Protein chains: 2
Amino acid sequence: MRQAGRYLPEYRRLRRRLSFLELCRTPEAAAEATLQPVVRLGVDAAILFADILLPVQAMGLRLAYDEGKGPRVWPPVRDAKAVARLRRVEPEDDLRFVLETTRLVRRRLEGKVPLIGFAGAPFTLASYMVEGGPSKDLAFTKAMMHSEPALWRRLMTRLAEVTASYLRAQVKAGAQAVQLFDSWAGTLSKEEYMRFVRPTSARVLAAVSRLGVPVIHFGTGTTPFLKEFAGAGGDVVSVDWRLPLDEAWARLGRGKAIQGNLDPAHLLMTRQALKSRVWDILKRAAGRPGHIFNLGHGMLPQTPPDNVRAVVDMVHDWSAR
Amino acid sequence: MRQAGRYLPEYRRLRRRLSFLELCRTPEAAAEATLQPVVRLGVDAAILFADILLPVQAMGLRLAYDEGKGPRVWPPVRDAKAVARLRRVEPEDDLRFVLETTRLVRRRLEGKVPLIGFAGAPFTLASYMVEGGPSKDLAFTKAMMHSEPALWRRLMTRLAEVTASYLRAQVKAGAQAVQLFDSWAGTLSKEEYMRFVRPTSARVLAAVSRLGVPVIHFGTGTTPFLKEFAGAGGDVVSVDWRLPLDEAWARLGRGKAIQGNLDPAHLLMTRQALKSRVWDILKRAAGRPGHIFNLGHGMLPQTPPDNVRAVVDMVHDWSAR
């Protein structure tokens with residue numbers, strides 16, 4: 001997940017002069033936000049500072065972040081006319097600021113750690129567009145899937161094109177790995193995922209895999225269909241904290257790399273308790289190649305940065321042995 | 001889940017003159033809310049109109065429902081002093097209004113359908129008390145589990161006593177089945193569920209099982225540890241929509257009855273699409289005894305009541321054949 005954020009005092013300082021969207025759209029500042037956690041935490045990779053909904057804005061929808069309430073997208077896309085109205089996206093023009101950030105970060109990193117780019121997966125983007133914002137139940141989205149499958153496919157196809165070309169542009173601008181975020185996949189049944197989502201994700205992942213960089217496929221709550229989720233493609237699959245890492249690996253087979261699986265809430269515990277969580281994950285990974293130590297979901301705003309640094313150090317200590 | 005609610009115009013009429021908490025605390029009105037869906041939908045059981053947080057209020061915490069924002073509980077219970085301050089609860093005194101509602105409903109039902117009572121499970125109640133309201137990450141709750149396990153156990157033990165005596169009182173007042181709601185269990189890892197939650201749930205379920213009525217154990221998002229969740233006890237286990245019913249049953253074995261598993265969002269689809277969802281569930285249950293057709297979670301406020309009635313009729317048609 002994004003490493004920069006409100007839990008870092010230096011990020012909050014940046015946000016004092018720029019709104020979240022202004023920060024995303026200002027390459028100089030976004031590059032600084034990208035580099036802050038690399039300096040502070042000593043992580044092994046930088047993660048591009050951007051937002052998964054920027055391409056949705058480029059498609060012609062309005063986008064706003066109301067403080068503490070999550071994103072708002074409007075007008076909601078719920079019929080054929082709304083889907084037809086969506087603009088084609090040329091990443092080099094419409095999302096140039098992200099690519100400019102990518103180039104800036106690559107230069108400033110001077111090869112010290114690699115840079116990971118990312119995009120939202122078509123289903124997760126579609127859910128924001130159809131619901132108009134975050135939603136626990138995704139009622140409108142599921143209604144469109146089941147009641148108007150042809151329209152749903154049209155929307156998903158448009159999003160697959162945008163997502164694939166956006167990730168291609170990021171790699172061209174210097175991203176050395178990319179991540180596809182399907183954050184809401186876990187709200188679906190296995191059957192819905194297979195019928196209405198996976199074919200499109202698979203197309204994007206296949207297109208991106210041809211770019212020659214590692215591809216990470218992120219989801220949460222996907223335990224009920226982890227094998228099917230991983231089967232969509234990519235080199236690495238995310239596993240949240242609900243399933244122990246060794247069990248996840250047993251289900252997926254050894255050909256797949258795994259990213260995970262610390263519960264972000266555990267970063268708020270005492271150092272002693274946190275340490276035992278980290279050791280548990282590392283023991284289950286058993287030093288096997290193909291494990292990227294990571295959180296199962298995003299950093300919580302109240303996370304103490306020193307705890308994150310301590311986790312990075314523990315992982316490095318273990319890896320060195 | 002609770003059948004009454006904002007999706008019913010007759011419920012909204014009741015709410016015009018009473019706040020949600022006033023409605024819960026006024027037996028005459030709560031009995032009416034309990035009976036409304038029985039009349040309108042033709043369901044096979046009545047579900048007591050109440051709220052899982054009423055015992056938390058009886059334990060001395062303040063409770064408020066801000067329109068559209070979910071419950072608020074304060075002061076939050078985060079240290080030994082706060083746990084020690086919790087009041088002992090005598091259901092016959094402190095929650096008499098719920099028991100009075102139970103007795104009223106039983107009389108008015110005249111034996112036509114059975115009445116199901118319910119309570120929140122200790123973990124779900126604890127999470128509201130520790131967080132101060134609903135929370136996606138349960139950061140304070142998980143911190144207490146891992147960092148102060150003895151304090152956590154003390155809180156859980158207090159809640160187990162309250163929950164067991166509250167359900168006992170409901171059965172004495174006339175409830176013919178009871179349901180234990182562990183709505184947030186799915187936010188935990190399997191290991192956390194086993195160490196910090198299941199022992200207490202098991203105690204409550206065992207105590208309640210001695211009352212001679214069927215006991216339903218409800219959770220959502222529990223697919224990663226469904227067998228362990230079901231192993232806590234009770235006669236029936238809830239399965240949300242994420243796992244097909246036949247797969248769930250294969251995992252659990254035939255000795256356990258199952259409740260589920262329509263996605264509440266599917267009640268918003270066209271009648272044709274909804275019909276195919278319902279048939280799919282019924283086919284997977286294959287007419288086996290031990291299946292209670294139900295939603296995987298609560299009714300959404302925008303649900304058309306006629307769609308719910310149509311589902312009840314479809315299930316009855318199938319069952320009659």
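Apart from neighbours within four places in sequence, Leu48(B) is in contact with Thr34(B), Thr101(B), Thr102(B), Val105(B), Leu115(B), Ile116(B), Gly117(B), Phe118(B) and Ala175(B), contact being defined by C-beta atoms, placed from the backbone, that lie within 7 Å. The model is predicted: local features need pLDDT of at least 70 and side-chain atom pairs count only at pLDDT 80 or more, whereas totals for chains, interfaces and linings use all residues. Residues are numbered from 1 along each chain as its sequence is written, and chains are lettered from A and ligands numbered from 1 in the order in which they are written.

Leu48(B) also belongs to the largest nonpolar core, which has 206 residues; Leu48(A), Met129(A), Leu48(B) and Met129(B) touch the most other members. Such a core is a set of buried Ala, Val, Leu, Ile, Met, Phe, Trp, Tyr and Cys residues joined through C-beta atoms within 7 Å. A residue is buried if 20 or more other C-beta atoms lie within 10 Å of its own, exposed if 12 or fewer, and partly exposed in between.

Met129(B) is among the buried residues of helix 8 of chain B, as are Pro122(B), Phe123(B) and Glu131(B). In this helix (residues 122-131), 10 of the 10 residues are buried, so the rest of the structure largely encloses it. Gly132(B), with a positive phi near 90°, follows helix 8 of chain B. Helices (H or I, at least four residues) and strands (E, at least two) are DSSP runs, numbered from the N terminus.

In chain B, strand 2 (residues 62-66) pairs with strand 3 (residues 70-74) in the antiparallel sense over 5 bridges, where pairing requires at least two DSSP bridges. Arg62(B) stands opposite Trp74(B) of strand 3. The two strands form a hairpin with 3 residues between them, and Gly68(B) in the turn has a positive phi of about 75°.

The same surface serves both copies, as 100% of the contact residues of chain B recur in chain A.

The contact takes 27 residues from each of chain B and chain A. On the side of chain B that touches chain A, helix 9 (139-147) and helix 11 (190-209) of chain B are the elements giving two or more residues; helix 9 gives the most, with 5 residues.

Technical notes. Contact = placed C-beta atoms within 7 Å.
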